[in-house]
Amino acid sequence: MASTESEEQKTTHFGFRSVPESEKEKLVRDVFSSVAASYDRMNDVMSFGIHRLWKDQFVSLLDPGRRPGGQPLRIIDVAGGTGDIAFRMLNWMTDVHNDHQSKVLITDINSDMLKEGEKRAEECGYGKASGRTEFLVQNAEILDAVEDNSMDLYTVAFGIRNFTNINAALETAYRVLKPGGIFACMEFSKVNIGILDMIYQQYSFNIIPLMGQLVAADRDSYQYLVESIQRFPSQEEFASMIKRAGFELSGPGYKNLTFGVAAIHTGVKPLVESKLEEQE
């Protein structure tokens, strides 16, 4: 009986399926190995192509870069395998702040995604020779190669919904950030206008998997990604999870993009740590 209860407690969701927690990591890795080479095309299909504008807005909102008289930043981009967000931040830091020293550590649980990112880094001038990027296979729930209080900015874009234990990942984000450091997450979310939500749901479940079959010969991966969006907490619920991990929020803690199709969540690690008690 006790054994059965323990086993039930260790199940999680993979899309709409319940799977053992120990299996989800491999299942997610397999999905992203399948889509690694066509990752931007996948996001185009899932966001009507608007993800590129969202990512630019994400980086603009964060405004990363070394300030006059300040130290170079240490940034970690989690689940950032292909480098899409990292390269945008590096371009912003260089072009807007004339910052050629701040660095980005790109982590992902999937080595195929990281290989794609390393290839792109060489193509856009941020390869090994630049000294500004590092690619590392890491589980976001642990980040055992990243020291405590070592990062100025933690970003995760369209990745956190795939984690087995989101609360553990938030706790780890809190651990690796310096006091005053910023947690920033962009993720597909809940459309907040009824008729638009109905249209978006129809598009998600009827069109996206079909497009996955047509553009990538991979219906199953796209079906999972649609289901994973549906299972992700609402904006308010996720903001509460970030707060429970110890972060301070400004206002509601999130900004909707395109009527809530996606949302940007931010939190700040307090300068004086006084982690909140768990709330019921």
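I began with T94, which is found in helix α5, residues 84-97. The model I am reading is a predicted one.

Is T94 buried or exposed? I found a relative accessibility of 17%. The cut-off for buried is under 20%, so T94 counts as buried.

Next I looked at what surrounds T94. A polar atom of the T94 side chain lies 2.9 Å from the backbone oxygen of L90. Setting aside neighbours within four places in sequence, I noted contacts of T94 with D99, H100, Y126 and R132.

I then checked the length of α5. The helix has 14 residues, and at 1.5 Å a residue it should span 20 Å. I found its end C-alpha atoms 19 Å apart, which agrees.

Which residues of α5 are buried? I listed D84, I85, A86, F87, R88, M89, L90, M93 and T94. Just after α5, I came to N98, which takes a positive phi of about 50°.

**Positive phi elsewhere**

Most residues other than glycine have a negative phi.

A79 lies in the loop between β3 and α5. F158 lies in the loop between β6 (151-157) and α7 (166-176). With a relative accessible area of 3%, F158 is buried.

**Helix α7**

I listed the buried residues of α7 as I166, A169, L170, T172, A173, Y174 and V176. What covers the buried residues of α7? I found that the cover includes β6, β7 and α10.

**The sheet**

I looked up the strand order next. Seven strands form an open sheet in the order β5-β4-β3-β6-β7-β9-β8, and the pairing is mixed. Why is one side of β5 and of β8 left without a neighbour in the sheet? β5 (133-137) and β8 (254-257) stand at the edges and have a single partner strand each, so one side of each has no neighbour there. From one strand to the next, I noted an average twist of 15°.

Strands of a sheet pair through backbone hydrogen bonds, either parallel or antiparallel. I looked at one pair: β3 (residues 74-78) and β4 (residues 103-108) run in the parallel sense and pair over five bridges. I75 stands opposite V104 in β4.

Helix α6 (residues 111-123) lies across β4 and β5, and runs at about 165° to β5. Helix α10 (residues 235-244) packs on the sheet, where it touches β7 (177-188), β8 and β9 (262-268). The direction of α10 makes about 20° with that of β9.

**Confidence**

Last, I checked the confidence of the prediction. The chain averages a pLDDT of 86, and 83% of the residues score at least 70. Over residues 1-7 the pLDDT is below 50, and I found zero contacts for this stretch beyond near neighbours in sequence. Over residues 276-280 the pLDDT stays under 50. For residues 276-280 I counted three contacts beyond four places in sequence.

Methods: Residues numbered from 1 in each chain as written. Predicted model: local features only at pLDDT ≥ 70, side-chain atom pairs only at ≥ 80, totals over all residues. Heavy atoms only, no water. Helix = DSSP H or I, 4+ residues; strand = E, 2+ residues; numbered from the N terminus. Buried < 20%, exposed > 50% of the residue type's maximum accessible area, 1.4 Å probe, protein only. Polar contact = N/O pair within 3.5 Å; in protein donor to acceptor, adjacent residues only side chain to side chain. Contact = heavy atoms within 4.5 Å. Expected span 1.5 Å × (residues − 1). pLDDT = per-residue confidence, 0-100. Pairing = 2+ DSSP bridges. Axes fitted to C-alpha atoms, helices over the stretch in contact; angles between N-to-C directions.
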